[in-house]
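Work through the exercises below with the structure open. Each task is followed by a solution in steps.

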Amino acid sequence: MSWNRKILRVNLTAGTCTPEPLNMEWANDYLGSRGLGTKYLTEEIDPKVDPLSPENKMIMATGPLTGTMASTGGRYTVITKGPLTGAIACSNSGGFFGAEMKFAGWDMIIFEGKSPKPVYLYVENEKAELRDAAHLWGTTCWHTEETIKAELQDPLVRVSSIGRSGENQVLFSCIVNDLHRAAGRSGVGAVMGSKNLKAVALRGTQGVSGVKDFPAFLKAANAAKQVLKDNAVTGQGLPKYGTQVLMNVINEVGALPTRNHRDVQFEEAGKISAEAMHEKRPTDGKAHLITNAACFGCTIACGRISQLDKGHFTVQNKPEYWGASGGLEYESAWSLGASNGVGDLEALQYANMLCNEDGFDPITFGATVSAVMELYELGILTKEQIGIEAPFGSAKALAYLAEITAQGIGFGKEVGLGSKRLTAKYGRPDLSMSVKGLEFPAYDGRGIQGIGLNYATSNRGACHVRGYTVASEVLGIPVKTDPLATEGKPGLVKAFQDATTIFDSAGVCLFTSFAWSVADVQPQVQAACEGDWSMEKMAIVGERIWNMERQFNLAAGFTAKDDNLPPRLTTEPAKTGPAKGRVNELGKMLPEYYEVRGWTPEGVPTAETLARLGL
Amino acid sequence: MQKSLHIDPGKCTGCLQCEMACSYEHTGVINPSKSRIKVFDFEHEGRKVPYTCTQCSEAWCMQSCPVDAIVLDPATGAKVVKEATCVGCKVCTISCPFGTINYMADVGKVQKCDLCGGDPECAKACPTGAITYIDASWTGLDRMRAWAAKANTAAAA
């Protein structure tokens with residue numbers, strides 16, 4: 001099996017690093033990464049634990065295909081109990097860090113306890129030690145990564161770190177690796193900060209040697225790469241336009257949440273789209289986009305590398321932001337842009353760079369700014385409280401709020417709470433566009449009904465990468481369904497949610513699923529891993545992982561009442577576009593969803609379902 | 001026809017499939033740290049550049065080796081390290097102006113690109129055509145064709 005069969009347990013309280021054998025029985029039941037890491041977490045922590053206490057644990061986990069030649073096989077997942085939601089938090093990231101963990105000889109690192117002082121973990125193959133990070137504390141992810149590489153005199157070391165936001169317990173902090181890749185959502189960076197763990201630096205020179213049947217694996221991996229190449233989305237659309245290819249598409253279908261979901265279409269969508277990133281700026285004659293870029297092993301290369309206009313108000317006297325940097329991807333262009341009514345591409349990229357630099361989730365940050373702007377327009381928040389006039393459409397307010405959130409000063413501390421806590425504080429919890437405390441991503445549940453059901457039921461709160469039914473409802477992958485219909489959506493949502501766990505647990509990128517189905521992942525896993533990895537088993541494992549996460553959340557105190565949507569989505573009809581007049585009909589879909597899941601009407605897996613899934 | 005590796009950095013996305021393929025071919029392990037081709041990421045410029053041995057005709061490494069451990073493969077033109085002969089003196093690593101021959105501390109020998117005996121794995125693994133294996137006498141052919149295409153002639157009817 002392409003496992004190293006070895007995990008590293010880091011007790012931050014005691015300052016110890018101890019190797020342990022990987023539980024191969026669990027690997028056989030939960031595949032890897034998201035599934036296997038979650039199994040470890042749920043076995044080791046009390047679901048009711050305070051996410052920011054030493055009793056919570058944080059796991060960094062690779063999958064069996066991580067570090068192999070499988071396309072996109074470079075991903076790793078951070079699993080913990082999330083501070084933003086109180087639910088299972090499970091955020092995966094690309095870049096090169098995950099593969100390096102595998103090359104260093106480890107499958108997984110489990111962090112427990114809390115260090116008495118700031119430290120970072122340094123791993124060089126079997127050598128693992130905690131090192132002093134006092135000099136890194138209070139600095140950004142970018143500074144931390146650069147400093148560690150310089151100190152070690154090793155440009156090849158791979159680093160994951162938190163910025164000031166993770167230290168300051170901003171509840172939507174990320175863990176950033178390779179400068180602009182992030183385990184982005186649910187606030188995993190705040191958990192890392194609560195443990196006084198600043199960074200993890202890895203250097204691995206042992207490689208991956210355990211692929212079970214290499215010729216068969218290579219054949220499967222090459223066939224799957226060909227599928228990606230031949231597909232219009234993964235072969236042409238994503239490399240050229242990135243995920244931003246969606247901006248105009250989703251605006252057209254009337255599902256681009258705008259001004260805190262007041263609207264579903266943004267009149268300036270074209271100005272913040274993929275196409276706009278390719279256009280030459282009138283100011284300096286350069287295009288915003290420099291090139292595309294790949295994560296480890298990825299043959300799609302959807303990543304965007306851009307360069308700001310040096311004369312733009314956000315960076316006029318800040319040459320440190322003039323170089324090439326990651327972004328904009330669709331989610332951040334939407335959350336910072338359309339969601340706030342801001343059509344200034346340069347301002348969005350500036351805010352996005354601050355998110356990467358100091359490690360906070362641009363989706364939740366942008367959506368929280370949207371709530372602030374609505375509260376400002378309603379007169380509930382004032383210029384004096386915020387520190388700036390903050391109407392919808394203000395690029396200046398966006399840039400300012402990003403700066404103070406990154407630095408953790410003034411009103412930035414309130415933004416750092418996320419929209420749920422912030423709107424509740426000002427008496428308008430209905431204005432938080434979130435589920436279970438996690439803010440919506442860039443698709444409106446009124447114009448795309450199935451994604452609304454997925455948001456309501458996703459195990460980490462409103463999240464598109466838990467069950468991306470947009471693929472079917474908008475893009476026709478694998479088959480086209482009507483985005484405005486509710487019929488058949490419960491089954492569709494379940495199918496997408498279960499399949500997604502397989503991609504996440506194998507160690508490949510979900511974006512392959514624009515072209516791949518589980519049937520393209522399965523032969524690669526089967527060739528790489530010992531044991532039975534048939535399609536039948538994959539189906540069971542996928543559903544098992546979903547239900548395991550659900551059980552954790554139920555034990556943490558969530559109930560069916562939390563499988564909901566904000567009233568705006570279910571009572572305020574879309575004003576324009578194809579979905580005009582529609583709300584999300586969650587009430588119609590949810591009971592059937594519970595039924596197809598084999599759950600009680602209260603949303604609890606039945607004994608029969610648990611037995612069927614071996615839980 | 002003798003062929004050579006041809007690198008077009010503009011097409012490189014930095015995915016490292018070449019490094020994985022190279023290391024697997026030579027060591028049986030997927031291990032970019034053992035790759036003889038390396039991809040450099042100039043992240044603040046947004047450029048990625050794969051780099052490996054150009055197989056110099058009058059190879060500095062071959063000339064400088066005191067034990068004749070680096071020999072010409074007449075079929076491919078590659079300068080190949082005979083591991084059994086190499087004594088790990090590292091003189092070649094000093095003489096190579098490009099840094100593409102390197103000492104492996106764990107085995108005490110040097111390693112460099114050997115063109116995989118005439119079928120380089122890196123070129124086969126590259127998903128974007130940034131690394132190709134083409135006629136050594138005509139590495140400029142594509143560039144010539146691109147310029148030729150700009151010639152101002154009447155299109156055929």
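Domain bounds here come from an automatic or database domain assignment. The model is a predicted one.

**Exercise 1. Into which domains is chain A divided, and what are their bounds?**

Solution.
- Step 1: Start with domain 1 of chain A, which covers 6-203.
- Step 2: Go on to domain 2, at 238-439.
- Step 3: End with domain 3, at 471-612.

**Exercise 2. Describe the contact of domain 2 and domain 3 of chain A: what separates the centres, and how many residues does each side give?**

Solution.
- Step 1: Take the centres over C-alpha atoms; for domain 2 and domain 3 of chain A they lie 28 Å apart.
- Step 2: Count residues in the contact. Domain 2 of chain A supplies 24 residues, and domain 3 of chain A supplies 20 residues.
- Step 3: Turn to area. About 1600 Å² is buried between these two domains of chain A, and carbon and sulfur atoms account for 69% of it.

**Exercise 3. How many salt bridges and polar contacts link domain 2 and domain 3 of chain A?**

Solution.
- Step 1: Apply the salt-bridge rule, with its cut-off of 4 Å from nitrogen to carboxyl oxygen. It finds three salt bridges across the interface of domain 2 and domain 3 of chain A.
- Step 2: Check a pair. Asp263(A) and Lys575(A) form a salt bridge through their side chains, at 3.5 Å from N to O. That distance falls within the cut-off of 4 Å.
- Step 3: Count polar contacts. Seven residue pairs, both at pLDDT 80 or more, are in polar contact between domain 2 and domain 3 of chain A.
- Step 4: Find the elements on the domain 2 side. Helix H9 (246-252) and strand E16 (434-435) of chain A each give two or more residues there. H9(A) gives the most, with four residues.
- Step 5: Sort that side of domain 2 of chain A by class: eleven nonpolar, seven polar and six charged residues.

**Exercise 4. Characterise the interface of chain B and chain A: what is its buried area, and how many salt bridges does the rule find?**

Solution.
- Step 1: Count residues in the contact. Chain B brings 19 residues and chain A brings 33 residues.
- Step 2: Read the area. Chain B and chain A bury about 2000 Å² between them, with 63% from carbon and sulfur atoms.
- Step 3: Look for charge pairs. The rule finds zero salt bridges between chain B and chain A.
- Step 4: Count polar contacts. Nine residue pairs, both at pLDDT 80 or more, are in polar contact between chain B and chain A.
- Step 5: Locate the main contributor on chain B. Helix H1 (residues 17-27) of chain B gives the largest share of the side that touches chain A, four residues.
- Step 6: Sort that side of chain B by class: nine nonpolar, seven polar and three charged residues.

Definitions and conventions. Residues numbered from 1 in each chain as written. Chains lettered and ligands numbered in written order. Predicted model: local features only at pLDDT ≥ 70, side-chain atom pairs only at ≥ 80, totals over all residues. Heavy atoms only, no water. Contact = heavy atoms within 4.5 Å. Buried area = accessible area lost by both parts, 1.4 Å probe. Polar contact = N/O pair within 3.5 Å; in protein donor to acceptor, adjacent residues only side chain to side chain. Nonpolar A, V, L, I, M, F, W, Y, C, P; charged D, E, K, R; others polar.
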